[in-house]
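Please examine the structure below with attention to its charged side chains.

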Amino acid sequence: MVLAVPLLMWFGYKEVQKQATQPEAVLVLGGSTKKLEREKFTAEFVRQHPKLPIWISGGSPPRSTRKVFLKAGVDPKRLHLDYEAVDTVTNFTSLVDDLKSHGIKRVYLITSDFHMRRASVIGEIVLGSRGIDFQPVSVPSESPPEPLEKSIRDGARALVWVATGYTGVDGVKKSGKARIESRK
């Protein structure tokens, strides 16, 4: 009981600290369909947050993505498109050091509702390893949630990455700014 009180106080403090810190960027996990649901949702979402840079990992071809944001009136200079990732774990590992190098400490994490549990598990581990927190924002869908096993598997992969730098996927770089397409 004596140890429980300080621990509960610590978790309470961390939760209050999270709520007081506003996100400094938007991180979108690619993987939507040809209808570009995640991109369209994000284009509308960022209109309410006009100063935040938008990092998109994977997803639709650059031309289609830019077209969605231009149509919504979003300045393309805000977009940072990364196509290094091949799955959800590498969505995070390919960008976390770039986010950190830009001084970003908190992001809005956007992905489909059925995918958010797995993305949150990985995000807690990978982003958390660099002191970056996130606020989940789910894109509504009609799909059922992914199986819990996927979250467990990819959570384990994220832990391996934190310990070793290995994602479980050959050929995916740990970092490298040249692969990010930004408009400045």
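D154 and R157 are 3 residues apart in helix 7, so about one helical turn separates them. Helices here are DSSP runs of H or I with at least four residues, strands are runs of E with at least two, and both are numbered from the N terminus. The model is a predicted one, in which local features need pLDDT of at least 70 and side-chain atom pairs count only at pLDDT 80 or more, while totals for chains, interfaces and linings use all residues. Residues are numbered from 1 along each chain as its sequence is written, and side-chain values use heavy atoms, with hydrogens and water left out.

Side chains of opposite charge can pair when their charged atoms come close. D154 and R157 form such a pair, a salt bridge with an N to O distance of 3.3 Å. The term salt bridge denotes a side-chain nitrogen of Lys or Arg within 4 Å of a carboxyl oxygen of Asp or Glu. D154 also meets R153 in a salt bridge, at 2.9 Å from N to O.

How exposed are these partners? D154 is buried, with a relative accessible area of 1%, and R157 is likewise buried, at 18%. R153 is partly exposed, at 43%. Buried means under 20% relative accessible area, exposed means over 50%, and partly exposed lies in between (1.4 Å probe, protein chains only).

The structure holds 8 salt bridges. Another of them joins R118 to E146, whose closest N and O atoms are 2.7 Å apart. R118 belongs to helix 6 (residues 116-126), whereas E146 lies in the loop between strand 5 (133-139) and helix 7 (148-164), so the pair ties together parts that are 28 residues apart in sequence. R118 is buried at 8% relative accessibility, and E146 is buried at 11%. Through shared partners, salt bridges join D87, R118, E146, R153, D154 and R157 into one network.

K71 has its place in helix 3 and is exposed, with a relative accessible area of 78%.
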